[in-house]
Amino acid sequence: MSVSVQQEDFDIAAEMARLTAGDADIGAVVSFTGLVRGTGGLTAMELEHYPGMTEKALEEIEAEARARWPLSAVRIIHRHGRLATGDNIVLVLTASRHRQAAFEAAEFVMDFLKTKAPFWKKEEGPEGANWVDARDSDDAATERWG
Amino acid sequence: MKVLYFAWMRERVGHGSEEIETAAATVSDLVGELTAREERYAAAFADLSAVRVAVDQQQADLSTPLAGAREVAFFPPVTGG
């Protein structure tokens with residue numbers, strides 16, 4: 001299974017080993033991990049998602065990445081529920097014969113995930129809990145892929 | 001039809017899911033029906049520029065037809081990753 005939406009944390013090394021096992025043509029794996037940032041006194045966040053649609057959206061993003069780059073394997077894990085500062089939120093692994101496809105595809109997956117996958121963050125800080133606003137810069141990052 | 005609300009839409013409406021009987025032809029018609037119900041719905045849909053919609057778990061918009069639709073979800077712009 002290449003897409004997971006889960007409460008539990010993930011083990012990056014184990015995921016990478018599983019992704020590349022048995023495929024000797026893989027020459028590059030790019031790994032992106034998103035963490036809960038503590039900027040501004042943030043202590044925790046609650047990540048809500050749309051069960052069913054979330055998995056579909058992530059699978060569509062993976063399919064789109066595979067259509068654009070010659071990828072050997074892809075792994076996307078996104079956590080939900082309550083997360084503390086410093087916790088892992090999201091893992092994207094892209095594997096290919098050569099590094100360029102893996103680098104570009106990992107960035108593409110993250111840009112699309114930010115604007116297409118139905119997740120919502122509620123941050124908890126010194127002034128209470130607030131829903132995070134979507135950023136125009138994330139829309140621009142998605143649009144640059146055409 | 002099942003109608004779902006997420007994030008601050010859910011908080012404003014007061015629940016995350018409901019079954020409704022509707023003859024709304026489009027998402028826009030459905031929004032009109034919901035906002036006419038009660039103040040809390042009107043509050044949730046007050047700024048339509050901040051509301052996104054999915055019909056049967058696919059991204060949609062206000063003009064999307066609802067014929068045959070089983071599930072409509074309303075939510076703010078997404079902020080995952």
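Start by selecting Ala44(A) and Ala84(A): Ala44(A) stands opposite Ala84(A), which sits in strand S5 of chain A. This is a predicted model, where local features need pLDDT of at least 70, side-chain atom pairs count only at pLDDT 80 or more, and totals for chains, interfaces and linings use all residues. Residues are numbered from 1 along each chain as its sequence is written.

Next, pick residues 44-49 of chain A, which is strand S3 (strands are DSSP runs of E, at least two residues, and helices are runs of H or I, at least four, numbered from the N terminus). Five of the six residues in S3(A) are buried, meaning under 20% relative accessible area with a 1.4 Å probe, protein chains only.

S5(A), residues 81-84, runs antiparallel to S3(A), with four bridges between them (two strands pair if DSSP finds at least two bridges). Then show S7(A), residues 119-125: six bridges tie S7(A) to S3(A), again antiparallel. To see that pairing, click Leu47(A), which stands opposite Lys121(A) in S7(A).

Hop over to chain B. Colour chain B by secondary structure and you'll find three helices and five strands. From the N terminus on, they go β-α-β-α-α-β-β-β. The radius of gyration of chain B is 12 Å, close to the 12 Å that the globule rule gives for 81 residues, so chain B is as compact as a globular protein of that length (the radius is taken over C-alpha atoms, and the rule is 2.2 Å times the number of residues to the power 0.38). Zoom out, and the C-alpha atoms of chain B fill a box of roughly 30 × 30 × 20 Å along the principal axes. Finally, colour by burial: 47% of the 81 residues of chain B count as buried.

Notes:
Chains are lettered from A and ligands numbered from 1 in the order in which they are written. Side-chain values use heavy atoms; hydrogens and water are left out. Buried means under 20% relative accessible area, exposed over 50%, partly exposed in between (1.4 Å probe, protein chains only).
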